[in-house]
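This report describes how parts of one protein chain pack together. Please examine the sequence and the structure shown below before reading on.

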Amino acid sequence: MRFTISKSAFLNKLTPAMGTVSSKGTITAIEGVLLETTADGNIRLSTYDMTKGVRSTVEAISIERDGKFIINAQRLYQTVRVLPEDEITIDVNDKLSCTITSGKASFSMFAMKGEDFPNLPDLTSDKGFVISSEKIRLMISKVSHSIAEVDNRPMLCGAFFKVTNGNLEVVSCDSYTLSRCSVNCDISSLSATSELDFSFIIPGHALNELSKNLAEGDDEPVEFYISRKHAMVKKGESVFFTRTIDSEYIDYKRIIPKDNDIIVTVDRDRFLDGLERANIVADEKIKGSTRSYVKITTDDQYLSISSSSVNGNVFDEMECVHDGKDIEIGFNCRYLINSVKVAEGESIKITLKSPTQAITIEPYEESDDFKYFYMILPVRMNEQK
């Protein structure tokens, strides 16, 4: 195999694919990228870590010899990045010796037979929808902080997607926080029946990589396909695919508080600044003790944030609009920061019930097209010193 290609075009495809390269060292082939020439004069790249992967194509300047080989992805990526010219030539001979040249610079490395690469899952399905790339990226950013990293309930390690005609809802929950985001927008069906009413769960680690493939501000439509075990997102000539979590999601609507009667409206940026300051103290890890909590107190038309540890304390007070009784309640500060940071609008509405019941965070000014909702469980302050 021998071909010449643009360095910049090649890196544009290789860079987002690096997140789906295996780093566990169990199977040598999946630590590499599969490069193969196609009949239409393109080079196809494939990466696959046995749970998620990327397949994309890039136009070649010239192809002198067809072929299909695997090259170690990290070594290839590092090499191509430092090459001096934009035009590079990759040559793999029958002895599996790979030479990469650009200008007068030349690198050599070993390659593997393309047949050693694991078979990719079936990337075809007639069940799916078309939606704006920016909408998907935005919704992932709003809920990803509430996806559990480890949990004995597999569904909590992913985000739940619910698709209906004209609406997409995404939910995540890690047992301590819950995030829900929904958007009303044009969603076109890829099914012959034109019906849109299905749901699926995508693992959190896959969503992080998917976000990297969706550039901020890019409103290009993407095709979202769902099969029995996989989700595929096609954007242009690139396809990102991942296993889905085969499980029923929790009944999240049942656990959302519906009778919180204390309502506090506060400036979002001011509240976030106060939490960031309090977290300097609350996040201190003292040997032999638990992490400190942050205490939220309402008093007339003021909201105060405070935290104490053996090394010091912090106090901050801000104006708010307060309806209901005064309350004193404790939280893991990081949970609050994560939710407030991704909220939108100048002001947010916080509803509370008691020091032992979950609070909710919603926009002060609601929108029919875009909605977000966050729920955070408090900590028992008398259990921490």
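## The largest nonpolar core

In this predicted model, the largest nonpolar core holds 67 residues, of which Leu168, Phe224 and Phe271 touch the most other members. Helix H6 (residues 268-282) supplies the largest share of this core, six residues.

Phe224 may be examined in detail. Apart from its neighbours within four places in sequence, Phe224 is in contact with Lys127, Gly128, Phe129, Ile136, Leu190, Phe200, Ile202, Leu210, Ala231, Met232 and Val233.

## A second core

A separate core of 28 residues is also present, with Ala60, Ile71, Leu83 and Ile88 among its members. In soluble globular proteins, nonpolar side chains tend to be buried together.

## Helices H1 and H2

Helix H1 (residues 7-17) and helix H2 (residues 73-82) have axes that come within 10 Å and cross at roughly 145°. The crossing of H1 past H2 is left-handed. On the side of H1, Lys7, Phe10, Leu11, Leu14 and Thr15 make the contact, while H2 contributes Leu76, Tyr77, Val80, Arg81 and Val82. Sorted by class, the residues of this contact are seven nonpolar, one polar and two charged.

Which residues of H1 are buried? They are Lys7, Phe10, Leu11, Leu14, Pro16 and Ala17. An α-helix has 3.6 residues a turn, so residues three or four places apart point the same way.

The buried residues of H1 pack against H2 and also against strands S1 (2-6), S2 (32-37), S3 (42-48), S4 (52-59) and S7 (87-92).

Conventions. Residues are numbered from 1 along each chain as its sequence is written. This is a predicted model: local features need pLDDT of at least 70, side-chain atom pairs count only at pLDDT 80 or more; totals for chains, interfaces and linings use all residues. Side-chain values use heavy atoms; hydrogens and water are left out. Axes are lines fitted to C-alpha atoms, for helices over the stretch in contact, and angles run from 0 to 180 degrees between N-to-C directions. Helices (H or I, at least four residues) and strands (E, at least two) are DSSP runs, numbered from the N terminus. A crossing is left-handed if the near helix is turned anticlockwise from the far one by less than a right angle, and right-handed if clockwise. Contact means heavy atoms within 4.5 Å. Ala, Val, Leu, Ile, Met, Phe, Trp, Tyr, Cys and Pro count as nonpolar, Asp, Glu, Lys and Arg as charged, and the others, Gly among them, as polar. Buried means under 20% relative accessible area, exposed over 50%, partly exposed in between (1.4 Å probe, protein chains only). A nonpolar core is a set of buried Ala, Val, Leu, Ile, Met, Phe, Trp, Tyr and Cys residues joined through side-chain atoms within 4.5 Å.
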